[in-house]
Amino acid sequence: MEKLEELFDHIASRVNVNLKPMGIDVRSILQNSIPRERHILYYAFYALTEDHPISFKFKNSNLAGTYFLGKTLVDSSVLYKSNVRGDELKRKGDVVEFNGVKTKLFYDEVIRIINSYLVKTLVHNNSKNPETPEVFRILNSAAMHYSNIHGTTLEGVYLGAFATADLSIMHNCVIGDFAYVQAGDLSRLTVEPGRVWIKSGDLFEFNYIYPEGVIEQYVKLDENGHLTGKFVDYVDEFKEDFVPIYSTARPETDFKVPDTAYVSPYAVLKGRCVVGENALIVQRAHVEDSIIGKGSNAQENCYIKNSVYEGNDVTAHGGKVIWATVGENVFVGFNSFVHGSQDCPITIGRDSIVMPHTIIDPQECIIIPDNSAVWGYVTKQADLETQCMDLDKMAALTDLTLGNATFKGDGKAFVDAFRHRVDHIREENGAYFDGSDNTRGHAQKTRDAAFNILQPFQSGPDAGMYPTMTIGD
């Protein structure tokens, strides 16, 4: 395993060089977060479909358990049980717009991961970087357990466990555990654990800070790479359910799925489940004893249990919904923890938005009204007085301080941006498919995907490393 150790040392050095001004040393975290033998144990796999370019290049890397879809280059990196999705990569000839200026792409967009360490990380493309519109780049960066990298260029960045970097451009930044950032072009910035920060230039800015001591109960990654908290305890409870589907190169399922829907063979459906038309359940999603209504979806690292999705509901990457009734057209944001129980169920009214990184962990029944935004830390109905607002009222805001949340700017632009993005997600996922080609989405495009596996060297100095390979063009 000498070369694998050299690779870890190389990545740690590259990340530390970038983050030294931020006062962080990732070496012990990277060295200890995952036992070395697991980097040999798991195969990587990639999906082939007629709708996505077949172009993969892997060099001097470890890819244990990682899933790839779409044009990807990985060089001198360690990816452990991550999801790298290129199903929305831009194509040569596409016209894109940045800050009101349009430009035409001269190459197909590619995901490039170089000198980086991603562990159980979700990567989703569609770069928002006007400097490199043809490249979705992750360079000299480390992203820890169950973090999300979404539409984001990372250069010399550390993402803590369950953190999300969303639609931003980041250089030499540290994003703390369970922090959510969607704030444009950022440089040499530290975002504290549990902060939810959404900013669009001078148009609007939303901030929420969790009460002291809360985040540590749910997620904490120490300086030695040891992860603790309720989030990982919940995920670990179900990890054995995934073992059978990864024990074969071609997982099979006898679960009935409508012709217009898609359930990945690398997802878990358990107990009595119903999947509606145009629904999408992707790899590493876990659904148990639940109804996933028409046009709804469960994205990577989602857990949905004992719940009902009435239709067109979006559960973003890492969302967890337990013992809940979810009305139509509801969005549950990245890594949100909506954890009802049989005695204390949760009801989310139609057309509502559970904002990213929200924790609803009730001691009593919780009812969220229709057309609401909810955020923060909710344990009882009374908490909604400071952490929930009607979306139409929010759209009329220009300035707000409510509990631990502040908002400044154009409330209508903020609400419209959320609604537009959620509708775009439904459209891309195929929720509105009506049989015509122009309404096909991921649920329809990936139905006939074929999967191929990649395996590392098993012994000697190369143990844990994957051979250099080029697949496709």
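Start by selecting Arg440 and Asp51: they form a salt bridge, with the closest N and O atoms 3.3 Å apart. A salt bridge here is a side-chain nitrogen of Lys or Arg within 4 Å of a carboxyl oxygen of Asp or Glu. The model is predicted, so local features need pLDDT of at least 70 and side-chain atom pairs pLDDT 80 or more, while totals for chains, interfaces and linings use all residues. Residues are numbered from 1 along each chain as its sequence is written, and side-chain values use heavy atoms, without hydrogens and water.

Next, colour the two domains: domain 1 is 2-235 + 448-471 and domain 2 is 251-398 + 408-445, with bounds from an automatic or database domain assignment. Their centres, taken over C-alpha atoms, are separated by 24 Å. Show the interface: 46 residues of domain 1 are in contact with 41 residues of domain 2 (heavy atoms within 4.5 Å). The area buried between the domains is about 3700 Å², and carbon and sulfur atoms give 59% of that; buried area is the accessible area (1.4 Å probe) lost by two parts on being put together, summed over both. Four salt bridges are found across this interface.

Now select Lys128, Leu167, Gln182, Ser200 and Arg421, which lie nearest the centre of the largest pocket among its 45 lining residues. Its space is about 1300 Å³. On a 1 Å grid over the protein atoms alone, a pocket is an open set of points with protein on both sides within 12 Å along at least five of seven lines, a cavity is a set where a 1.4 Å probe fits but cannot get out, and lining residues have an atom within 4 Å of a point. Grid points are joined across faces, edges and corners, and a volume is the space filled by probe spheres set on the points. Helix 8 gives the largest share of this pocket's lining, nine residues; helices (H or I, at least four residues) are DSSP runs numbered from the N terminus.

Move to the largest cavity, with a volume of about 110 Å³. Select Tyr67, Leu69, Tyr262, Gln283 and Thr446, the nearest to its centre of 15 lining residues. Both domains give residues to the lining, so the largest cavity lies between them.

Finish with helix 8 (residues 411-429), which gives four residues to the lining of the second largest cavity, the most of any element. About 50 Å³ of space lies in that cavity. Its lining includes Asp166, Tyr180, Phe331 and Arg421.

Technical notes: Helix = DSSP H or I, 4+ residues; strand = E, 2+ residues; numbered from the N terminus.
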